[in-house]
Amino acid sequence: MLRRSLASLGMTNTSSRHPEPSEASVRDRRRIKERIMENYLYLIPALPLAGFLILSLLGKNLSKNLIPVIGAGSVIGSAIAVILLAIQYDPENPVRQILWQWFSSEDLSVAISLSVDALTIVFLFVITFVGALIHIYSAAFMREDRDYARFFASMNLFICSMLLLVMADNLVLLYLGWEGVGLCSYLLIGFWYEKPENSRAANKAFTITRIGDTAMLIGLFMLFQEFRTLYIPDILNNVSQHFESGSATLTTIALLLVGGAVGKSAQLPLQSWLPDAMAGPSPVSALIHAATMVTAGVYLIARMHGIFVLSPEAMAIVAIIGAITLIIAGCSALVQTDIKRILAYSTISQIGYMFLALGVGAWSAAIFHFFTHAFFKALLFLAAGAIIESLHHEHSIFKMGGLRKKMPLIFYTFLAGAASLAALPFITSGFFSKEQILGYSFGAVNGNPILWVVGITGAFITAIYTTRLMVVVFWGEEKTHVSHLPGPAMTLPLVVLAILSIAVGFIEWPHNLMHVAVFSDYVQNVLPATVERENIAPPLVLQGIAIFMTLFGIYVGYMNCYRKPIWKANNYQTPLFQSLRNFWFKGWLFDDLYNNVFVKPFLFITTVNRKDIIDKIYTGISNGASQLHRMFSVSQNGSLRWYIGGVLAGILIIVTIQMIV
Amino acid sequence: MSNEQLLALLPFMVLAGASIVVILMIAARLSHTAIQVAGFLMLCFTVLAMGYVRDILPQEILPLFIIDGFAALYTGVIIFSVGVVGLLSYIYFEEREENPKEYYILLFLATLGAAVLTISRHFVSLFLGLEILSVSLYALIAYLRNRNNAIESGLKYLILAALTSAFLLLGMALFYMETGSMEFNAIGQKLAGSDPGVLFKLGLALMVVAIGFKLALVPFHLWAADVYQGAPAPVTAFIATASKVGVFAVLMRFSLAVNLQQSEFLLNVFSGIAIASMILGNILALRQQNIKRLLAYSSIAHLGYLIVAFLPGTREGIEASVFYLFAYAITILSAFGIVTILSTRMKDAEDLSVYRGLFWRKPLLAAVLAVSLFSLAGIPLTAGFFAKFIVLLTGANYNLWLPVIVLVLTSVIGLYYYLRIISTLFASAPAAEPRHKPLHPFFHFVTYATLFVLMVMICVLGVFPGPAIEGIRQFLMIR
Amino acid sequence: MPIERYIFLAIALFCIGIAGVLIRRNAIIVFMCIELMLNAVNLLLVAFSKMHHLKATAANATAGIEGQLFVFFIMVVAAAEVSVGLAIIVMMYRNVHSVDINFLNRLKH
């Protein structure tokens, strides 16, 4: 098993993508396969689920030592199961296990079934492995919290839903996982619910992602209507017979799915919830809002790639969304002062890169960037959490400073993560994945120079804000006293993640430099290969420019923040700069834009008093709805004669329409 | 009438007998407990009788009734709801000063009315069923006569219901004029060829009014919140479940017989009503602080969802609607069960503040309420999600995109207020403990057990809906 | 007499009933108006019954009988409705010392 999977890992691009051995032998092998696998495939989501059930039912009665053992142990267990599965996995035979038939009507039957292919394994690995590390970290990080058990219960439920999302082979089950992670995200953002702004952030996140979910649900129903099934392999196999390339229906479906993905992955125009979601505990930000849940949108698009391939318009829109988002979020990250918000904007920006890659058809590059991003961004969030805790819950980077000497371990791990985020050439994983995306944004069939320029600019900005973050936090003089250093349970995950965020890049090199393509070979049975244009600029030049821009960005950041610190808080040179900074700081004023375009006219129409005007779309919607509520409540005035009048008016309306038509 | 036909009516006769048994027991001065037990046994007999006559179905008892799988399903949901309402009623009425015994007579009569609606195939049986149901309901709503709210809501319901029955009758009369018949099927046949006249169309519209009133659909929904609030909690549960199931069943049977869905115009009227109900119901519930009113508004919205399954008029739609009603009945019964248990002697537990921090005081009750609210909101892995899902599938299948999209969007609004209650359940600052009169511990246990079973059913139907759907399909084959 | 006249009479009675329900404040009079509406329908049904009977051939002697049967049921039900209704109105009088339906406005919003 191991030997074969290794052999397949080494397969080159020349081997056919769909080897077609005789049917009987496939069936035989599949049967053997199932016998080995089916015994523990369900264990992967079941273990965290069991952890959730135990913790939520018995949470109050468990001792403080037992809670993390159950909470983290269940995730570690499923991580081990995933690693075993990955070792045994044979890329030619996706594994499927039907647990039970959820329901079947003559049109639609939905089984609760799990299936695993290479794409799923990549996600599974990140979810369980990074998840396990974050759980270990949380065991120490959350120890003093009153609701220790509730925290682990919600985290376990999240892991379970996320695993269900990526292991589902039909869209109903996928949607279930999709809703499940949304619910857990809601629970965990509002974990410290005593503070009203935390509940508000949770509500905002939930509502805005629900907008996307609604679009996605409608997309699912349209898919069902077209294909009469929601079983993903069937849809992907039939889509090319069912639709011509560029069909309007298919594009609509694809765009509705993108709507769901955009909401979950915090991309334009539904990105504004993610920075606020940082109200949750740091491990939550690391797990849900950096490594896993926010990339569910990337997963969805990659999973349904067959639909997107046939719809160039939808692909183009995905690429454009990604490109615009990565610039906008990068600029916002430049000027934030809260360490977690900087990281949040940078997450939005990095997911923008993934969308860009998906949009130009660089499927495996997108997933590879997800893979590396999960490690270094989780690392950055965890390290940031450790810093914040050591500095008496201080979030502002301008009140940190000088931590290089005080917290050396945190410094080195953070440095590894930051270098990876900035894509420091050749020694970090971020470089390899981002370089691939940049190359394809120019060279793939759907790519074009403008996307490439945007990507390069984004890389430049990323390098600047990363350097700024590093310099401000770790150099300079100490501004807040370090109360205590994190213990081994917190530093161990950091070290592991730091090693990984440096090392995982080496499995995939730019193909003109060295022929190592472990990752793209691994997923090649699932995702279509990227088609490249011919006669484009030599890759070496593009790479050279990218590397130069990154280094230049680091230099600019270093010069500005270390040598001549111009971006210190309350220290602006020109009014133009100040307003630009302000504009970026508020996330390009998207909240204000929504407020002006949608909320204010609405409020104006419903003649609200001006004081009620609020600055956020969420409260805007909810206030608007409450206004409607108040308007309609007037109809429930308790007067019987009014009710009689209502009934008669209803009759009159129906009869009149009837007579007219 | 042949023996088999008589036998097929057995469940309904047992049901009618139940109220007579209760009358005799009151005459014999038996205790509330005895009446409660006897009533429950009679419901069990009804279920047994239904199982017993299953093999001889379908039976047509000309001209009034038809007993087929369709009727059996809806009657089953009604009997199930009444069984739960009966169990909940014991502890509710036991601690109130009014004599609770006559309550059961009315309850069984109302059940009989709703059950008759499911088997009627003739205007006379439709009207009689509806009126048996309504007249019993007037008295049930106003049963706690020393509370001003009860009288008010009873009188409101009475006047509005009587008014709409007059419209229903006028509609029927106009139908009769056009077709010379009062049987659904005969009407359908007569209509098949000819182009209906103006008066006939008017009649149809008037019948829609009466049905819409009973189902509390917009714009005939105004009574719902007041009546839900004023009526005793178990009666509210009955109105929300059994009475709506019966009326919906007869609406479905009638529209299938006369091919209502073939008419483009009526389809539009019903989609309009459904859309308005979904939007208005959810918006009215948004900031509501009284949980009984909130559930009333939510039931307006839910009936709107149900109409989406009614629109296609196919077997698929019937399946979806039966499942929906069943899931909805379980869910709303468990919610009202909690309201019933938490009610104190003078006041029903309707204010949201009663529920603040419930989880820390009574975790089981809070869990039941939370699960039922999740189900109402349509969170996956609950019965409510699945019910909504198949309704949506049916709608999407027949290109009813506008209602489907409105359904999805309004569910999002719904989520907001359900989550609001759930977060109240978990809030700190527990309110003062409402005191209960010490009750027979057995009945207390039974009530808790019932609620627990309902919660389990919500989850099981959400996780394994397959067998239920299969059962519904098999029953619908009996025709 | 042509059937239209019956229809006009019945509809007129029905509309008077509606108007009464809508404008009268006394609960008992509201009830009487609803009774009026029901009786308008009764009249209509009897007229239609006769109409269908006359239209039918001699072979079908019972044609149109349903309408008249229905009238009896309606009368019975109306009586039941009124008896329950009056009982509730009596209770209302005990509580608020009035039978004005405008006093029914405590349950709202």
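Two residues are in contact if their C-beta atoms, placed from the backbone, lie within 7 Å. By that criterion, 42 residues of chain B are in contact with 38 residues of chain A. The structure is a predicted model, with an ipTM of 0.95 and a pTM of 0.79. The points below cover the interfaces, the fold of chain A, one of its helices, and local features of chain B.

**Interfaces with chain A**

- On the side of chain B that touches chain A, at least two residues each come from helix 7 (148-179), helix 9 (198-214), helix 10 (222-230), helix 12 (264-285), helix 17 (383-397), helix 18 (401-426) and helix 20 (466-477) of chain B.
- Helix 9 of chain B gives the most to this side, with 7 residues.
- By class, the residues of chain B that touch chain A comprise 34 nonpolar, 3 polar and 5 charged.
- Chain C places 10 residues in contact with 10 residues of chain A; its side of that interface has 6 nonpolar, 2 polar and 2 charged residues.
- Chain C has an average pLDDT of 89, and 98% of its residues score at least 70.

**Chain A overall**

- Chain A contains 28 helices and 2 strands.
- Of its 661 residues, 55% count as buried.
- Among contacts in chain A between residues at least 6 apart in sequence, 80% link residues at least 24 apart.

**Helix 12 of chain A**

- Helix 12 of chain A spans residues 282-291 and is mostly covered, with 10 of its 10 residues buried.
- The buried residues of helix 12 pack against helix 5 (118-141), helix 6 (148-167), helix 7 (171-189), helix 11 (273-276), helix 16 (339-359) and helix 17 (363-390) of chain A.
- The axes of helix 12 and helix 17 of chain A come within 8 Å and cross at roughly 160 degrees. Angles over 145 degrees count as roughly antiparallel, and the two helices of chain A are therefore roughly antiparallel to each other.
- Helix 12 of chain A passes helix 17 of chain A in a right-handed crossing.
- In this pairing, Ser282(A), Pro283(A), Ser285(A), Ala286(A), Ala290(A) and Ala291(A) of helix 12 meet residues of helix 17 that include Ala374(A), Lys377(A), Phe381(A) and Gly385(A).
- The contact between helix 12 and helix 17 of chain A has 10 nonpolar, 3 polar and 1 charged residues.

**Backbone features of chain B**

- Most residues other than glycine have a negative phi, and most peptide bonds are trans.
- A cis peptide bond joins Leu57(B) to Pro58(B), with omega about -5 degrees; Pro58(B) lies in the loop between helix 3 and strand 1 (59-61) of chain B.
- The bond from Val218(B) to Pro219(B) is also cis, omega being near 5 degrees, and Pro219(B) is in the loop between helix 9 and helix 10 of chain B.
- Ala216(B), found in the loop between helix 9 and helix 10 of chain B, has a positive phi of about 55 degrees although it is not a glycine. Ala216(B) counts as buried because it has 28 C-beta neighbours inside 10 Å.
- Arg29(B), in the loop between helix 2 (10-27) and helix 3 of chain B, has a positive phi near 60 degrees. Arg29(B) counts as exposed because it has 8 C-beta neighbours inside 10 Å.

**Val53(B) and its surroundings**

- Val53(B) belongs to helix 3 (residues 32-53) of chain B and, with 18 C-beta neighbours inside 10 Å, counts as partly exposed.
- Leaving aside neighbours within four places in sequence, Val53(B) is in contact with Leu7(B), Ala8(B), Leu10(B) and Pro11(B).
- Val53(B) and Leu7(B) are 46 residues apart in sequence, while their C-alpha atoms are 6.8 Å apart in space.

Note on methods:
Residues numbered from 1 in each chain as written. Chains lettered and ligands numbered in written order. Predicted model: local features only at pLDDT ≥ 70, side-chain atom pairs only at ≥ 80, totals over all residues. Helix = DSSP H or I, 4+ residues; strand = E, 2+ residues; numbered from the N terminus. Nonpolar A, V, L, I, M, F, W, Y, C, P; charged D, E, K, R; others polar. Buried ≥ 20, exposed ≤ 12 C-beta atoms within 10 Å, placed from the backbone. Axes fitted to C-alpha atoms, helices over the stretch in contact; angles between N-to-C directions. Parallel < 35°, antiparallel > 145°, perpendicular 65-115°, else oblique. Left-handed = near helix turned anticlockwise from the far one by under 90°. pLDDT = per-residue confidence, 0-100.
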